[in-house]
Amino acid sequence: MSAIPRPASTVVLMDHFSRVYMTKRPETMKFFGGYYVFPGGAVDKADDIQDWNGLINGARNDTFELAHYVAAARELFEEVGVLVCKKKDGSPVQLDDRTELEYRRLLISGELSFLQLLKKEGLLFQLEHLAYIGQIITPNRSRIRFDTRFFLTQLPEGQTPKPDAREISDTKWISPAEALTSYYNGEILLGPPTIHALKTIINHLNGDPLEMPEFNVSDYLVDLRE
């Protein structure tokens, strides 16, 4: 019997040079250990916000739960310290390093929810900051399965990624085309979902709609069994 896919979100972070931010998972991790991926992770119960009291604004894709957007923003902040929010007056968010690290610690430990962070700092989460790309569900044969929604976001003004060393062993800003070339040359490891997302971004930069083509399960060549 196959495992039930767990809801998850992945965020492709892009700068104004159209480079994407890729993070390397430590070799010791069972799931994609040693691979370069995009920030992301599973949807938590606290991401299922029912009453946001004006703290979340903007149109969203209504074919899936709002929790996927919240998880995307939360994971991006937890893993690399990038907060895709603005102050209620529209000005950029500028947290000092000590405050940022403490919020990230509290989120990771489950002592704070993303909604509580918004309330504490008086922030507004603009959903359009996360452009929906598409969905990939891990194939049935895997013992670890995710139903992942992919998003694209621009690096907010005045912010710089600060990776969590416990979850990330290396990072790189790289163009999507260069990332694929490095993979084909055997210089970095990429999983099929990451390759699929990179190809989608390349097509978009060349003028195509920001829409991930259907993912072919037969192309999922990596053995994800524990």
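This is a predicted model: local features need pLDDT of at least 70, side-chain atom pairs count only at pLDDT 80 or more; totals for chains, interfaces and linings use all residues.
Between strand 6 and strand 7 (residues 123-126) the pairing is antiparallel and rests on two bridges. Within this part of the sheet, K86 lies opposite L124 of strand 7.

Attention now turns to E100, which belongs to helix 2 (residues 97-109). Its relative accessible area is 4%, and E100 is therefore buried, the cut-off for this class being under 20%. Leaving aside residues up to four places away in sequence, E100 touches F77, G81, L95 and K162. With K162 there is also a polar contact between the side chains, at 3.4 Å.

Helix 5 (residues 192-205) comprises 14 residues and spans 20 Å from its first C-alpha to its last, close to the 20 Å expected at 1.5 Å a residue. Its buried residues are P192, P193, T194, I195, H196, A197, L198, T200 and I201. The buried residues of helix 5 pack against strand 1 (6-14), strand 2 (20-24), strand 3 (36-37), strand 8 (131-137) and strand 9 (146-154), and also against helix 4 (176-184). Just after helix 5, G207 adopts a positive phi of about 110°.

Technical notes
Residues are numbered from 1 along each chain as its sequence is written. Side-chain values use heavy atoms; hydrogens and water are left out. Two strands pair if DSSP finds at least two bridges between them. Helices (H or I, at least four residues) and strands (E, at least two) are DSSP runs, numbered from the N terminus. Buried means under 20% relative accessible area, exposed over 50%, partly exposed in between (1.4 Å probe, protein chains only). A polar contact is a pair of N or O atoms within 3.5 Å; within protein, one must be able to donate a hydrogen and the other to accept it, and residues adjacent in sequence count only if both atoms are side-chain atoms. Contact means heavy atoms within 4.5 Å. The expected span of a helix is 1.5 Å times one less than its number of residues.
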